[in-house]
Amino acid sequence: MSFTIEFNDDKLTERIYDPYNGVDKTDSLGMSFVDFLSLGKDLSKKHHIYFQLLENHDMYITDSSFFYVNIKEFIDICIKDTSLYTLDNFLFFLHLQGLSIPQHNLKYYFDQDMIIEDLVTPYMKISTMERAIRGFANSNKSKNTITYVYTCDSIEDICVATLYHLIRLKTIIKKCANCGKYFVPLLRSDAIYCNRTSPFNPTKTCKEDGSQRTFEEKLKMNDAEKLRRSIYQTLQMRVRRNPTDEAHKNYFEKWKKDVARWKKDIKKGKKTTEEFIQWLLESKKK
Ligand SMILES: [Zn+2]
């Protein structure tokens, strides 16, 4: 059975509709797709809405499925170099995968309360049709909406439809700097955090928590840098005062190499700034 995904570019929403399986869910545009991409191994839990749309359990996608691995790689390549995020490249990607864009059509929702005949002067001698068209042209169209409805038969279809729609809207996909999940920065393309709940603080969103954590991390790094400088000077002074003491000299050289390694490890996320400060304090005592 087919289901649909409908995009509203004015309200920036998507609606997944499948009356056969009792699914009717509206979310922010692109949300279900980026959540799906972010699941990885958690796909096996089959909690995602896409799994409610399918009858055939054998068709379930896992994190090692050909399609899942490839569409994720395509998006990662485009995140790395946004100049590659084009309709041309996407169509070529679909060609390589043997996929195509699902059937879609445009839907126009008119404001039901709109009375267009009153918007044309009654003294004009025109046909009913012309009166209606002229009335519509004069009407306030802010309550009318155009949506795009894609008819899908599979998870591949709904992913392809969403990505195609996002590319046509020139809306990029990013990775959140706080939780690492994919997200669509709908309102600000320079956003670096998503609006999900932060994995580090359940009372805050990534946007609230991420900037706070970056700020605190900077303060901590400043503290560590001050401490490093002061210990450096102490050790250097000790070597200068005892020019014949090889042990002091060797310790200072080793200490400098260790500091460089700590900095590399923090950058890679292997060690924290707190651990570095702790190590610096210990290294001072020796
Ligand atoms: Zn996030």
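Colleague: What should the 23 residues of helix α7 (residues 246-268) span at 1.5 Å a residue, and how far apart are its end C-alpha atoms?

Modeller: First, this is a predicted model, where local features need pLDDT of at least 70, side-chain atom pairs count only at pLDDT 80 or more, and totals for chains, interfaces and linings use all residues. Residues are numbered from 1 along each chain as its sequence is written. Helices (H or I, at least four residues) and strands (E, at least two) are DSSP runs, numbered from the N terminus. The expected span of a helix is 1.5 Å times one less than its number of residues. For α7 that should be 33 Å, and the end C-alpha atoms are 34 Å apart, which agrees.

Colleague: How many residues of α7 are buried, and what follows the helix?

Modeller: After α7 comes Gly269, with a positive phi near 85°.

Colleague: On to the sheet: what is the strand order, and which strands stand at the edges?

Modeller: Strands of a sheet pair through backbone hydrogen bonds, either parallel or antiparallel. Here, pairing takes at least two DSSP bridges between two strands. This open sheet has five strands in the order β3-β2-β1-β5-β4, paired antiparallel. β3 (23-28) and β4 (104-109) are the edges, each with a single partner strand, so one side of each lacks a neighbour in the sheet. On average, neighbouring strands are turned by 20° against each other, direction ignored; axes are lines fitted to C-alpha atoms, for helices over the stretch in contact, and angles run from 0 to 180 degrees between N-to-C directions.

Colleague: Which residues of β3 stand opposite Ile16 and Glu14?

Modeller: Ile16 faces Lys25, and Glu14 faces Asp27. β2 (residues 13-18) and β3 form six antiparallel bridges. Their hairpin has four residues between the strands, and Gly22 has a positive phi near 70° there.

Colleague: Where are the domains, and how many residues are in contact?

Modeller: Bounds come from an automatic or database domain assignment, which gives domain 1 (3-195) and domain 2 (207-285). Their centres, taken over C-alpha atoms, are 49 Å apart. Four residues of domain 1 are in contact with four of domain 2, contact being C-beta atoms, placed from the backbone, within 7 Å.

How values were computed: Contact = placed C-beta atoms within 7 Å.
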